[in-house]
Amino acid sequence: MEHFEKTLARILPIPHDVVNVKMSDEDIRVEAEVWCKPFACAVQGCSEPRVRTEAEKLRCSEAPRFYSMCVQRVSLHMKDIIQDKLNKKK
């Protein structure tokens, strides 16, 4: 979990200019997936057929969950940015 938080700390906060107030939920999810590429790469790397150590097996078992958590957190961050931009327009 510590590795997850350190990696996520390198991703967040994302720049405000990346987020457009007209983005749909699907647009936000897709953009969040792009920002979560380090976690997606871990998932992809675990799909390679080879013998793994116990530590690697554990890391690979957690990789999809961490990717999903990253996408969720980045999406929420992007929605907060959109809300912030909309509030400033008022």
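Student: How many disulfides does the structure hold?

Tutor: The structure holds 2 disulfides. Bear in mind that this is a predicted model.

Student: Which cysteines are joined, starting with Cys 36?

Tutor: Cys 36 is bonded to Cys 70, with an S to S distance of 2.0 Å. The pair links distant parts of the chain, 34 residues apart. Cys 36 sits in the loop between helix H2 (25-35) and helix H3 (37-46), while Cys 70 is in helix H4 (residues 54-89).

Student: Is that disulfide left-handed or right-handed, and why?

Tutor: Left-handed, because the torsion about the S-S bond of Cys 36 and Cys 70 is about -90 degrees.

Student: Are Cys 36 and Cys 70 buried or exposed?

Tutor: Cys 36 is buried, at 0% relative accessibility. Cys 70 is also buried, at 0%. The cut-off for buried is under 20% relative accessible area.

Student: And what does Cys 46 pair with?

Tutor: Cys 46 forms a disulfide with Cys 60, S to S 2.1 Å. Cys 46 lies in helix H3 and Cys 60 in helix H4, so this bond ties together parts that are 14 residues apart in sequence. The torsion about the S-S bond is about -85 degrees, so this disulfide is left-handed.

Student: How accessible are Cys 46 and Cys 60?

Tutor: Cys 46 is partly exposed, with a relative accessible area of 25%. Cys 60 has 18% and is buried.

Student: What pattern do the disulfides follow?

Tutor: Counting bonded cysteines along the chain, the pattern is 1-4, 2-3. Cys 41 is in no disulfide. The nearest cysteine sulfur to Cys 41 belongs to Cys 46 and is 11 Å away.

Student: Where does Cys 41 fall, buried or partly exposed?

Tutor: Partly exposed, because its relative accessibility is 43%.

Student: Different topic. Which residues have the most contacts inside the largest nonpolar core?

Tutor: Phe 4, Val 19, Phe 39, Cys 70, Val 74 and Met 78. The core has 18 residues. Helix H1 (2-11), H2 and H4 are the elements that give two or more residues to this core. H4 gives the most, with 8 residues.

Student: What is Val 74 in contact with?

Tutor: Leaving aside neighbours within four places in sequence, Val 74 is in contact with Leu 8, Ile 11, Leu 12, Ala 32, Trp 35 and Cys 36. As background, nonpolar side chains in soluble globular proteins tend to be buried together.

Student: How much space lies in the largest pocket?

Tutor: About 260 Å³. It is lined by 17 residues, and the closest to its centre are His 3, Ala 42, Arg 59, Cys 60 and Ala 63.

Student: Which elements give two or more residues to that lining?

Tutor: H1, H3 and H4. The largest share, 6 residues, comes from H4.

Student: Last one. Where is Glu 56 found, and is Glu 56 buried or exposed?

Tutor: Glu 56 is in helix H4 and is buried, with a relative accessible area of 18%. A polar atom of the Glu 56 side chain lies 2.9 Å from the backbone nitrogen of Thr 53.

Student: What else is Glu 56 in contact with, leaving aside its neighbours within four places in sequence?

Tutor: Glu 56 is in contact with Arg 50 and Val 51.

Notes
Residues numbered from 1 in each chain as written. Predicted model: local features only at pLDDT ≥ 70, side-chain atom pairs only at ≥ 80, totals over all residues. Heavy atoms only, no water. Disulfide = S-S within 2.5 Å. Helix = DSSP H or I, 4+ residues; strand = E, 2+ residues; numbered from the N terminus. Buried < 20%, exposed > 50% of the residue type's maximum accessible area, 1.4 Å probe, protein only. Polar contact = N/O pair within 3.5 Å; in protein donor to acceptor, adjacent residues only side chain to side chain. Contact = heavy atoms within 4.5 Å. Core = buried A, V, L, I, M, F, W, Y, C linked by side-chain atoms within 4.5 Å. 1 Å grid on protein atoms, 1.4 Å probe; cavity = no way out; pocket = protein on both sides within 12 Å on 5 of 7 lines; lining within 4 Å. Points joined across faces, edges and corners; volume = space filled by probe spheres on them.
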